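Let's take a walk through a protein model together. Have the picture ready and follow along.

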Amino acid sequence: LAYEMPDSYPIEALKAQAIAIRTNVYRNIRSGSLEMDIPYQDTTSEAIKKAVEETEQVVVMQNGEPIQMFYHGNTGGTTLTAAEAGIEGDFPYLKKMTVLGEDNIEKFDRNVQREIAFTPDEFQAAVGDKAGSFEIDKGDICVADADGDGRVKAFRIGGYTFSPKEINEMLGLNSYTFTVEFKDSKIVFIC
């Protein structure tokens with residue numbers, strides 16, 4: 001929990017995050033999977049301890065099974081359905097909703113908007129042969145479609161279109177809300 005949220009967040013937000021993490025761990029254990037990629041950060045924070053203790057043994061269940069929890073540091077103003085997020089499976093509890101107040105969320109290192117720059121050779125290596133041949137310019141590398149919140153729905157490289165999930169995986173981006181610019185002979189993603 002300490003890794004996911006600063007202890008300065010409201011206690012109810014910390015509790016919700018504690019439940020989300022615990023639900024995913026419980027779900028993995030029940031499915032027989034003990035391999036979990038859960039980052040850990042030790043803490044002496046009283047707020048973190050309180051959130052964990054006050055939600056002890058609380059998990060989110062649907063039809064007798066722990067649900068798969070999805071969460072992120074900042075929604076960009078709206079949550080997504082599973083299909084919009086590129087998540088395969090049936091998750092009727094994932095609904096698109098407006099989120100209020102995120103403009104006041106304290107930013108900390110992992111969530112600060114960042115720029116990721118690629119030289120043309122680095123970009124080509126990251127993309128590999130998935131996009132065929134293309135030119136390193138605004139016409140061949142661009143956001144093809146975005147929703148009203150600025151979240152990318154489709155990204156074009158050459159004649160190929162990719163989902164934001166595919167672009168995130170290829171390039172190591174941390175968000176579906178990003179832009180691309182060309183600066184100093186580099187391709188720069190701002191997310």
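Where does T55 lie? You'll find T55 in the loop between α2 (46-54) and β1 (61-62); helices here are DSSP runs of H or I with at least four residues, strands are E runs of at least two, and both are numbered from the N terminus. Before going on, know that this is a predicted model, where local features need pLDDT of at least 70, side-chain atom pairs count only at pLDDT 80 or more, and totals for chains, interfaces and linings use all residues. Residues are numbered from 1 along each chain as its sequence is written, and side-chain values use heavy atoms, with hydrogens and water left out.

Back to T55: its relative accessible area is 4%, so T55 is buried (under 20%; exposed is over 50%, partly exposed in between, using a 1.4 Å probe and protein chains only).

Now hop over to an open sheet of three strands, ordered β4-β5-β6 with antiparallel pairing. Two strands pair if DSSP finds at least two bridges between them. Because β4 (141-146) and β6 (160-162) stand at the edges with a single partner strand each, one side of each has no neighbour in the sheet. β5 (residues 152-157) and β6 share three bridges in the antiparallel sense, and F155 has F162 in β6 as its bridge partner.

There's also an open three-stranded sheet with the order β3-β8-β7, again with antiparallel pairing. Its edge strands, β3 (115-118) and β7 (179-183), each pair on one side only. Four bridges join β3 to β8 (residues 186-190) in the antiparallel sense, and F118 stands opposite I187 in β8.
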